[in-house]
Amino acid sequence: PGSPIREYNSDPPTSGPHDPTPAPCGVYREPVSDQAYLHSLEHGAVFIQYDPELPEAEIEALEDAVRANGREILLAPRPGNPAPYALGAWTKLLLLDEMDQAVVDGFEREFGNRFAPEGGAVCPFAVDQG
């Protein structure tokens, strides 16, 4: 932590240097640092990051969907996100202009816990800031 970070592979990053402790999965209302969530991706988790300027109703619907899913997902706002929504897994990134739950479910099934170097590690759904 605190070390300078070289340029990452994508925006938002999907691999690279990260904190020694992974971020717990769950629903965040505050941004999660790239270095924290990357360690979770290394363990097989998936992230959904969104533009914090989205309407509150859209954010709440997204939070409800993530809670209902109950899998290893981190949901967090990300200022400067290159699209309204970003889905990420280890070395995989999908930017969306509109939320589509079927796309999110398919992304999670296809890439969650599949290609991560330490895939299969547990990412407890331990945070709910919504």
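User: What counts as a salt bridge here, and how far apart are the closest N and O atoms of Arg67 and Asp64?
Analyst: A salt bridge is a side-chain nitrogen of Lys or Arg within 4 Å of a carboxyl oxygen of Asp or Glu. The model is predicted. In it, Arg67 forms a salt bridge with Asp64. The closest N and O atoms of Arg67 and Asp64 are apart by 3.0 Å.

User: Which helix holds Arg67 and Asp64, and what separates them along it?
Analyst: Both residues sit in helix α2. Arg67 and Asp64 are 3 residues apart there, so the separation is about one helical turn.

User: Are Arg67 and Asp64 buried or partly exposed?
Analyst: Buried means under 20% relative accessible area, exposed over 50%, partly exposed in between. Arg67 has a relative accessible area of 29%. Asp64 has 47% relative accessibility. Arg67 is therefore partly exposed, and Asp64 likewise counts as partly exposed.

User: Which residues do salt bridges with shared partners join into one network?
Analyst: Arg67 and Asp64 both belong to this network. Its members are Arg29, Glu56, Glu63, Asp64, Arg67 and Asp128.

User: Which residue forms a salt bridge with Arg29, and at what N to O distance?
Analyst: Side chains of opposite charge can pair when their charged atoms come close. For Arg29, the partner is Glu63. The closest N and O atoms of this pair are apart by 2.4 Å.

User: Why does the pair of Arg29 and Glu63 tie together separate parts of the sequence?
Analyst: Arg29 lies in the loop between β1 and α1. Glu63 lies in helix α2 (residues 56–69). The pair therefore ties together parts whose separation in sequence is 34 residues.

User: How many salt bridges does a search of the whole structure find?
Analyst: One of them joins the side chains of Asp11 and Arg78, at 2.8 Å, N to O. The search of the whole structure finds a total of 7.

User: Where do Asp11 and Arg78 lie, and how many residues apart are they?
Analyst: Asp11 is in the segment before β1 (25–27). Arg78 is in the loop between β3 (73–77) and β4 (85–89). Their pair links distant parts of the chain, with a separation of 67 residues.

User: What is the omega of the peptide bond from Asp11 to Pro12?
Analyst: Pro12 is found in the segment before β1. The peptide bond from Asp11 to Pro12 is cis. Its omega is near -5 degrees.

User: How many aromatic pairs are there, and what geometry do Tyr37 and Phe47 show?
Analyst: The count comes to 3 aromatic pairs. The ring centres of Tyr37 and Phe47 are 4.7 Å apart, and their planes are at 70 degrees. Planes over 60 degrees apart count as edge-to-face. The geometry of Tyr37 and Phe47 is therefore edge-to-face.

User: Which elements does the pair of Tyr37 and Phe47 tie together?
Analyst: The two residues are 10 residues apart in sequence. Tyr37 is buried, with a relative accessible area of 1%, and Phe47 is buried with a relative accessible area of 1%. The elements are helix α1 (residues 34–42) and strand β2 (residues 46–50).

User: How far apart in space are Thr14 and Phe47?
Analyst: Thr14 is found in the segment before β1. Thr14 counts as buried, at 1% relative accessibility. In sequence, Thr14 and Phe47 are 33 residues apart. In space, C-alpha to C-alpha, the distance is 9.4 Å.

User: Which residues form one aromatic cluster?
Analyst: Phe111 and Phe115 form a tilted pair, 5.9 Å centre to centre with 45 degrees between the planes. Phe111 counts as partly exposed at 23% relative accessibility, and Phe115 is partly exposed at 41%. The cluster consists of Phe107, Phe111 and Phe115.

User: Which residues gather in a patch of negative charge on the surface?
Analyst: Asp97 is found in the loop between β5 (92–96) and α3 (101–111). Asp97 is exposed, with a relative accessible area of 63%. The patch holds Glu58, Asp97, Glu98 and Asp100.

How values were computed
Residues numbered from 1 in each chain as written. Predicted model: local features only at pLDDT ≥ 70, side-chain atom pairs only at ≥ 80, totals over all residues. Heavy atoms only, no water. Patch = residues over 30% accessible without salt bridge, like charges linked within 9 Å, V, L, I, M, F, W, Y side chains within 5 Å. Areas by Shrake-Rupley, 256 points an atom, 1.4 Å probe, with all protein chains shown as cover. Lys, Arg positive; Asp, Glu negative; His and termini not counted. Charge placed at Lys NZ, Arg CZ, Asp CG, Glu CD. Helix = DSSP H or I, 4+ residues; strand = E, 2+ residues; numbered from the N terminus. Buried < 20%, exposed > 50% of the residue type's maximum accessible area, 1.4 Å probe, protein only. Phe/Tyr/Trp six-rings, centres within 6.5 Å; stacked < 30°, edge-to-face > 60°.
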